[in-house]
Amino acid sequence: MKVDFSKLERAFNPRTVVVVGDSKANNFEWLRGQKEFKGKLYSVHTNPNSFEDIKALGVENFTSLMDVPGLVDLAIVAVARRAASAVLDDCIRKEVAAAHFFSSGFSETDTEEGRALERQLIDKSEAANFHLIGPNCMGLYNPSAGIRQNEDQYLGESGPVGFISQSGSVAIGFSMESHYQGIFINKSVSFGNGIVLDSSDFLEYFGRDPGIKAIGMYLEGIKNGGRFMSVLRDVASRKPVVIWRGGRTEAGGRAIASHTGSLASSRNTWDSAIRQCGAIQVSSVEELIDTLKALLFLPPVRGNRVAIAGGPGGQSVTSTDVFVEAGLHVPRLTKESYAELETFFEVVGGSYRNPIDTAGPVRRDMKRIMRIVSRDANIDNVAYFVSTRPGRHINREQLQSTMEILNDIKKLSKPLITMVLLSTPDAANEVRTIMQILQENGIPAFPSVTRGAMALKNAFDYYKDSRNLVQ
């Protein structure tokens, strides 16, 4: 089927949305999820027992999609699978731009009936060139337009990330966790079985979108490997694409078949193909978010040599191991830097060999020390700890002092990451607040050393592979 990207644009930025067959048993979750939608929202429902409840939500209901006034940009279809084909007929006659079918029970059930019903949807959509999303999916999310996959997703501020997911729960979870981590979504789609529009179509669409600067993907399988790799190679040459693939193990592959009806390819074949296309592979939602964060906040990471600073001795040693094991290098500084540091670094218990072991009194000279370290010719990147002693909070003055040091490092345009490690009774809330402050100042922050090191390594690999592709 030939994709009409203008129809996808209408679906992701709709003026009119119609919810077909929302369930009273599920408390009208789809109508409630769109209650902040900025355009016209209508319901199509034929059960008289639901009419008053829909009216109470402030939504006008019709008993036929054909009776809805004007053009419809997006239909959200939540009917039983046996009614899906008839609803699709109405969507085609109404010339709806695109329809998201939440309905499930098709090929993922591995039954003859499920496969036959799915085949009907495919044949009708392809004959009419109709843009069907799903079935068995959570559909579209655009926080600035007010359309959601779940009532708990945030609305309002649009960001630079596009997210494509076969799984609805992963799509929703990613949107919430990424928001918590300071990453805002531009558009997201959960496409489920992907029987008409699949990952390649959404990847190409997001690749064309100037508001999307980086793309994350969760995939369980691909239906047209040749087209997917062609689109991926093209898009990844222009903006970062980070892919988390489910079903890497044999057991995971079995789970995929019953989830979205996809077939997982062999791990070696997949890994090689993705690497050749210039995309980045990750193995968890945390690594996916961290890698996007590094790519969005950092300047291009051109080298793998890291200076580690801001922490005490033991933490510096163990962190060095983590960075090296991630595939990065923690080198000695140049003789010139050591000679300059030796003129004033006389603190007992401190060290400036890299990692920079910052005993308490050292912090009086940290700005001066970090200027020397950051300028060093052997250093490509700086990793800085924002941490406390057990049980102590970071007060306003400490944070301001740290920000002055970090902003000074930033002026040198070398990639700078921070690791926020706190040992306080309410550490999670305090970490969240400090990470938010750092990232509002353009400094990516990570809640562990391992996550920071892996994100930096993935960013380095992306820029290294990008140079190879250009050559």
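In which sense, parallel or antiparallel, do β10 and β11 pair, and over how many bridges? In this predicted model, for which local features require pLDDT of at least 70 and side-chain atom pairs count only at pLDDT 80 or more, totals for chains, interfaces and linings use all residues. Residues are numbered from 1 along each chain as its sequence is written, and side-chain values use heavy atoms, with hydrogens and water left out.

Strands β10 and β11 pair in the parallel sense over 5 bridges, where strands (E, at least two residues) and helices (H or I, at least four) are DSSP runs numbered from the N terminus and pairing requires at least two DSSP bridges between two strands. Within this pairing, G216 has V242 of β11 as its bridge partner. The chain passes from β10 through α8 to β11 in a right-handed β-α-β crossover, that is, with the strands pointing away from the viewer, the path from the first strand over the helix to the second runs clockwise. Strand β10 also pairs with β8, again in the parallel sense and over 5 bridges; here S165 is partnered by Y218 of β10. Because 6 of the 6 residues of β10 are buried, this strand is largely enclosed by the rest of the structure; buried denotes under 20% relative accessible area, exposed over 50% and partly exposed in between, with a 1.4 Å probe and protein chains only. A214, G216 and Y218 point one way from β10, whereas I215, M217 and L219 point the other way.

Apart from neighbours within four places in sequence, F228 is in contact (heavy atoms within 4.5 Å) with residues including L203, M217, L219, I243 and W270.

Helix α6 comprises 13 residues (168-180), so at 1.5 Å a residue it should span 18 Å, in agreement with the 19 Å between its end C-alpha atoms; the expected span is 1.5 Å times one less than the number of residues. Its buried residues include V170, I172 and F174, and the elements covering the buried residues of α6 include β8 (161-165), β10 (214-219) and α11 (285-297). Just after α6, G182 adopts a positive phi of about 85 degrees.
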